[in-house]
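Here's a quick tour of a model, with the cut-offs spelled out along the way. Have the coordinates open while you read.

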Amino acid sequence: MAMTVRLRYAPSPTGHLHIGGARTALFNYLYAMHHQGTFILRIEDTDLERHVANAADEFAENLRWLGIEWQEGYQVGGSFGPYTCMERLGIYRDHVDKLVQSGRAYPCFCTEDELSAVREKQQAEGVTPHYLGTCRALAEDERAIRIERGDAYTIRFRVPEHAVSFDDLIRGALHFEPEHVGGDFVIVKSNGVPVYNFAVTVDDMLMEITHVIRGEEHISNTPRQLYLYESFGANPPIFGHVPLILGANGKKLSKRDESIVQFIDQYRELGYLPDAIFNFLALLGWSPGGEQEVMTKQELIDRFDLERVSKSGAFFDAAKLQWMNGHYLHAVDPATLLEEARALLFARGVAAPDDEWLHAFLSLVLEKVTQLTEIEGYARNLLSENVTLERDAQETLASPQAITVLECFAGVIDAECDGTPDGFKAAIRRVQDETKIKGKDLFMPIRAALMGTLHGPDLNRSLSLIGCVRCVKRVREALVKMKSLG
């Protein structure tokens with residue numbers, strides 16, 4: 001009988017969803033969907049000091065925005081819940097008790113000051129810091145007395161003397177000696193909350209997780225988790241550790257590096273499309289083979305595997321992401337962006353007249369932008385009462401024929417203007433017929449006067465969005481400026 005694939009993403013709600021975390025979630029999602037399995041969202045909220053209120057809900061919202069849907073877990077439910085660690089404390093306590101009763105774990109009364117002093121001494125001597133086993137051999141009656149007395153204590157796992165190994169789906173065979181874990185390690189803090197390695201092992205074991213795909217920084221956690229699986233008599237999942245994401249300097253991407261936008265909600269605010277980020281993140285450390293880079297969600301699901309995940313770091317190319325977002329913006333149906341575009345413009349003090357105008361506007365400018373925030377400049381240009389003339393526009397309006405063109409154009413649209421692109425096209429053709437001026441000498445003065453620039457999207461459609469009344473006003477103002485300078 002074929003194994004049902006079950007993967008999870010288990011973020012700690014200590015901040016915003018980082019691109020590294022989003023990439024990890026995406027790889028797990030793609031692998032699960034490729035194998036017709038289950039993708040689970042679980043919240044590892046044991047870090048009480050760094051916990052951020054509502055961060056888990058924000059994680060969920062941003063994952064859904066990206067198109068990463070989970071079939072089980074946080075906010076969804078399922079038969080293996082609860083799906084947040086702090087709701088599972090009783091489950092962890094039962095498993096800790098089993099380890100203590102079997103002698104595989106014990107209470108440790110060493111204070112943080114004592115442990116810090118030992119670490120400093122070991123570092124000064126050039127020794128890798130490790131726990132010396134101070135409380136490992138305490139007599140049971142002494143432990144009972146100290147617990148009864150109220151002494152603070154943690155629970156440590158008694159590390160076996162044998163090595164552990166596993167076959168990583170990406171990196172191959174990996175082997176760890178007992179000293180790699182730094183001696184007997186803490187599994188429950190003095191406040192009674194389990195540490196990450198213990199909670200994640202128990203959760204993965206009880207939720208029947210079959211595969212764990214995560215960043216290579218977690219390789220050092222794996223031997224501790226393998227020892228825990230062994231102590232519970234359980235088979236571990238199959239592990240795959242994906243490469244680090246590297247910045248422009250070739251070093252691990254730091255959250256303090258302000259040269260790269262690093263959080264998903266920032267990309268949302270900048271007007272990136274979720275499909276573009278989904279596509280881009282899938283290629284961070286994984287290659288489908290061949291030259292194709294732009295792929296739909298279903299294509300990525302169909303083609304994703306771990307055999308083509310790189311062992312070396314994945315370079316975060318911000319320019320490539322912007323190019324890819326531009327590709328998706330150029331192809332998107334403007335109707336799907338009406339609400340988002342309206343909200344974006346409104347937040348920046350630009351009010352679109354109505355949905356019909358906004359749809360026509362997006363149809364015009366989306367092919368010119370690489371992120372949605374760039375539509376603001378175009379909208380201001382079309383809707384503002386006054387036009388700021390760029391230098392080359394001023395030079396064009398200084399030509400002898402410019403006044404002739406604009407006076408004729410103002411008269412034509414003032415007398416008859418239906419506001420449509422075809423109507424403006426006909427008006428410009430009539431100006432050509434009446435003035436005998438054509439080509440750039442005809443079009444450039446009109447664009448310069450009405451838009452303040454010699455470059456931009458389709459002229460007739462732009463004039464339609466400016467509107468008849470505003471067009472007449474802009475031309476008249478341009479003529480006044482030209483004659484005052486002339």
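## A helix pair

Axes here are lines fitted to C-alpha atoms, for helices over the stretch in contact, and angles run from 0 to 180 degrees between N-to-C directions. Helices (H or I, at least four residues) and strands (E, at least two) are DSSP runs, numbered from the N terminus. This is a predicted model, so local features need pLDDT of at least 70 and side-chain atom pairs count only at pLDDT 80 or more, while totals for chains, interfaces and linings use all residues. Residues are numbered from 1 along each chain as its sequence is written, and side-chain values use heavy atoms, with hydrogens and water left out.

With that settled, how do α16 and α18 pack? Their axes are 9 Å apart, at an angle of about 70°. That makes α16 and α18 roughly perpendicular to each other (65 to 115 degrees; under 35 is roughly parallel, over 145 roughly antiparallel, and the rest oblique). On the α16 side, Q401, A402, V405, L406 and F409 meet D441, L442, P445, I446, A449 and L450 of α18. The residues of this contact (heavy atoms within 4.5 Å) split into 9 nonpolar, 1 polar and 1 charged.

## The cysteines

There's 1 disulfide (a pair of cysteine sulfur atoms within 2.5 Å) in the structure. C417 and C468 form it, with their sulfur atoms 1.9 Å apart. The link is left-handed, at -75° about the S-S bond. Because C417 sits in the loop between α16 and α17 and C468 in helix α20, the pair ties together parts that are 51 residues apart in sequence.

C417 has 29% relative accessibility and counts as partly exposed, between buried (under 20% relative accessible area) and exposed (over 50%), using a 1.4 Å probe and protein chains only. C110 is in no disulfide; the nearest cysteine sulfur, from C108, is 3.7 Å away. C110 is buried at 16%, and C85 is buried at 0%.

## A hairpin and a threonine

Strands β6 (residues 164-168) and β7 (residues 172-176) pair in the antiparallel sense over 5 bridges; pairing takes at least two DSSP bridges. The two form a hairpin with 3 residues between them, and S165 stands opposite H175 in β7.

T24 belongs to helix α1 and is buried, at 15%. Apart from neighbours within four places in sequence, T24 is in contact with Y9, I213, R214 and G215.

Conventions. Nonpolar A, V, L, I, M, F, W, Y, C, P; charged D, E, K, R; others polar.
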